[in-house]
Amino acid sequence: MANGIRLLVGTRKGAWIFRGDAARKSWDVQGPIMLGHIINHVVCDPRDGKTLMMAAKTGHLGPTIFRSTDHGATWKEAEKPPAFLKSDAPNARAVSHTFWVEPGHASEPDVWWAGTSPPGLFRSADGGVTWENVAGFNEHPRYWDWCPPDGGTPDGALLNQIQIDPRDKSHMYIATSTGGVFESTDYAANWAPLNKNVAATFFPDPYPEYGQDAHYIAVHPQMPDRIYQQNHCGIYRLDRPGDRWERIGDNMPKAIGDIGFTIVAHPRDADTAWVFPMDGTEVWPRTSPGGKPAVYRTRDAGATWERQDKGFPQEQAWFTVKRQAFCADAETPLGLYLGATNGQVWMSDDEGAHWRRIAEHLPEIYSLAAAPA
Amino acid sequence: MISVVIPSQLRSYTGGAVRVEVAGATIDAALDALDARFPGIKFRVIDEQGAIRPHMRIFANGAMARRIDLPLKDGDELFIAGALSGG
């Protein structure tokens, strides 16, 4: 058991850090940090345990990155935040906001990666002080096919996630809202779509090579050949070296469906994962189905799912959980945490069997990350 | 010198200063000079393509500027504002 857990909470109006005791029963709060800033993501660097990276902007001001190297006590702004190359082209891009920050491979302690809206991939080699355009994706000859200027979410098209194979720093995956999942085997120099058998029911061809909306992917840390995906159009699993995703969401209860924003893999059991379904019927309310929040767990890689809702409101609760707002710690039994759109933080210290609220009245929660205290 | 009026959203960069004097023959040059003194401030207002960000406004001697290559002369005032937006 660690000395406790830190929960890093990014919201539409700032960031907060919650510190739980070793039993994960008592939680103290630090914050707000950067009150009024839109914090799409704030994470802790697992390579040193003390560096925090935060993607921020405000309703008025342009995007930036804040860094802390002392557990969040003090923060410095990046000297050169992610920015596209200067261009005179009519479709020249400007970063609206950074959506995802990802610590680099364990072998590269100062490297970080960032994903933005419009979709862009950026790299820092100095611990997040300066960020460089990654031409292998941003200037890829097929970029505008994969990331059309009129595509995207209500907040703009996204490169919403970056995952690195723990066995090989050159092997990377990214998730986008306009092209689905892409893979690189040469340290981001080149990319190829990885979306076979993933639905995009909003196109005439429902199974295109690219064009899917990959809400979230989870590369299993101990078994990196297994990838779970919560897509706009269902829950999927891919076992490499295969390239054909299997829709494991077909095994969810039909009344619930398999629409959601996020999926969490058990760090020590590649067959176990959790989702937080949302209503994707008719006009896509994106609320807890029926106003009854629940997570669903599989323990057999998606063949079957079980409902876990003890502790959640049993009716008239309409929140949902966004892409990077559902996470696990590394404790035994595993702790699960979710940040809701209504500003509540919920946790389970028994792998989802029971849930309790540990914070409320925060702004809309965009991200949640757990780290040892 | 150009007198730049700093909005509340950007005063964390200027140590709380509301009005800052800089040199510059264009809006762009004045903002560069501002950024040299307060690193990072320009990018919060101007994007990497040189455009004024959608919810920011710059007024040169009271007239709203839509480009940053407009000339300035000694004694001019730049007024930076966060537009009425958000929620």
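## Chain B: burial and dimensions

Of the 87 residues that make up chain B, 31% count as buried. The model is a predicted one. Along the principal axes, the C-alpha atoms of chain B fill a box of roughly 40 × 25 × 25 Å.

The radius of gyration of chain B is 12 Å, which agrees with the value near 12 Å that a compact globule of 87 residues would have. Among the contacts in chain B with a separation of 6 or more, 49% come from residues 24 or more positions apart.

## Chain B: secondary structure

Chain B contains five strands and one helix. Their order along the sequence is β-β-α-β-β-β.

## Chain A: a four-stranded sheet

In chain A, four strands form an open sheet with antiparallel pairing, in the order 8-9-10-11. The edges of this sheet are strand 8 (97–103) and strand 11 (132–133) of chain A, each of which pairs on one side only.

Strand 11 of chain A pairs with strand 10 (residues 120–124) of chain A over two bridges, in the antiparallel sense. Within this part of the sheet, F122(A) stands opposite N133(A), a residue of strand 11 of chain A.

## Contacts between chains A and B

How many residues of chain A are in contact with chain B? There are 16 residues on the chain A side, in contact with 17 residues of chain B. The side of chain A that touches chain B divides by class into seven nonpolar, six polar and three charged residues.

Technical notes: Residues are numbered from 1 along each chain as its sequence is written. Chains are lettered from A and ligands numbered from 1 in the order in which they are written. This is a predicted model: local features need pLDDT of at least 70, side-chain atom pairs count only at pLDDT 80 or more; totals for chains, interfaces and linings use all residues. Two residues are in contact if their C-beta atoms, placed from the backbone, lie within 7 Å. Ala, Val, Leu, Ile, Met, Phe, Trp, Tyr, Cys and Pro count as nonpolar, Asp, Glu, Lys and Arg as charged, and the others, Gly among them, as polar. Two strands pair if DSSP finds at least two bridges between them. The radius of gyration is taken over C-alpha atoms; the globule rule is 2.2 Å times the number of residues to the power 0.38. A residue is buried if 20 or more other C-beta atoms lie within 10 Å of its own, exposed if 12 or fewer, and partly exposed in between; C-beta atoms are placed from the backbone.
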